[in-house]
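Please keep the sequence and the structure in view while reading.

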Amino acid sequence: MGFFNNVFQKAKNVVKGIKRTGSNIVKGIKKSAINLTKGVKRGAKFLADIKWSDFKKPEVWKKAIVKNEENYKKLISMLSKIDPSAKKLGGFSPLQTVGEIVGALPLATSYFMRAAVDEKRQKRLREGNPDELFDAGISSLSFVPFGYIANKAKGGKLALKQLVKNARFGR
């Protein structure tokens, strides 16, 4: 009888595990459904509060574009404040550098979008303000494909290796 008791006990444990798993799945589905309905209600309330007629006004778009660029710059500068290695490296923040490299394209896009709507920036560009021209030039570099730069750098590296090799052996 000991063998069958052991088999029945194992089967009982498997059934308990299946019931427990099933009840956990049901609880998870209920919680997810509740959170989903709360999120949909919050989203609907947010959309109801928006003044859709404001989207037709150019001032609203100008304000949003300016705010977008400012927020992005704040985000990049905040990376240096939260980077623990910046203190060890004398203020240089690798995290901020990575953020600037990764975010170069969105930041450049926001720069040119702001230049399209900001009269002060347009005036400085027309007058030839060196700082503004430098910013525009640097921003436009982010649109150059990285693969193109990498291939040119690789070709330069091969040429440099060949030059050093020829110089070393006196050819």
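The expected span of a helix is 1.5 Å times one less than its number of residues. Helices (H or I, at least four residues) and strands (E, at least two) are DSSP runs, numbered from the N terminus. The model is predicted: local features need pLDDT of at least 70, side-chain atom pairs count only at pLDDT 80 or more, and totals for chains, interfaces and linings use all residues. Residues are numbered from 1 along each chain as its sequence is written, and side-chain values use heavy atoms, with hydrogens and water left out.

The secondary structure consists of eight helices and zero strands, so that the pattern along the sequence reads α-α-α-α-α-α-α-α. Of the 171 residues, 13% count as buried; buried means under 20% relative accessible area, exposed over 50%, and partly exposed in between (1.4 Å probe, protein chains only). Contact means heavy atoms within 4.5 Å. Among contacts between residues at least 6 apart in sequence, 48% join residues at least 24 apart. The protein exposes about 14000 Å², of which carbon and sulfur atoms supply 67%. Accessible areas come from the Shrake-Rupley method with a 1.4 Å probe, and for residues only the protein chains shown count as cover.

Helix α2 has 25 residues, which should span 36 Å at 1.5 Å a residue; the end C-alpha atoms of α2 are 36 Å apart, in agreement with this. Its buried residues are Ile65, Glu69, Tyr72, Ile76 and Leu79, and they pack against α4 (94-102), α5 and α6. Leucine 75 also lies in α2, but leucine 75 is partly exposed because its relative accessible area is 41%. The C-alpha atom of leucine 75 is separated by 9.3 Å from that of glutamine 96, 21 residues apart along the chain.

Ala108, Ser110, Tyr111, Arg114, Ala115 and Val117 are buried in α5. The buried residues of α5 pack against α2 (58-82), α6 (119-127) and α7 (130-141).

Which residues does arginine 121 contact, leaving aside its neighbours within four places in sequence? They are Glu69, Tyr111, Arg114, Ala115 and Glu132. Arginine 121 is in helix α6 and counts as buried because its relative accessible area is 6%.

Rings of Phe, Tyr and Trp (its six-membered ring) pair if their centres lie within 6.5 Å; planes under 30 degrees apart count as stacked, over 60 as edge-to-face and the rest as tilted. By this rule there is one aromatic pair. Tyrosine 111 and phenylalanine 112 form this pair, which is edge-to-face, at 5.2 Å centre to centre and 80 degrees between the planes. Tyrosine 111 is buried, at 5% relative accessibility, whereas phenylalanine 112 is partly exposed, at 31%.

On the surface, Phe46, Leu47, Trp52, Phe55 and Trp61 form a nonpolar patch with about 590 Å² of accessible area together. Patches are made of residues with over 30% relative accessible area and no salt bridge: like charges are joined within 9 Å, nonpolar side chains (Val, Leu, Ile, Met, Phe, Trp, Tyr) within 5 Å. A salt bridge is a side-chain nitrogen of Lys or Arg within 4 Å of a carboxyl oxygen of Asp or Glu. Phenylalanine 46 belongs to helix α1 (residues 2-49) and counts as exposed because its relative accessibility is 55%.
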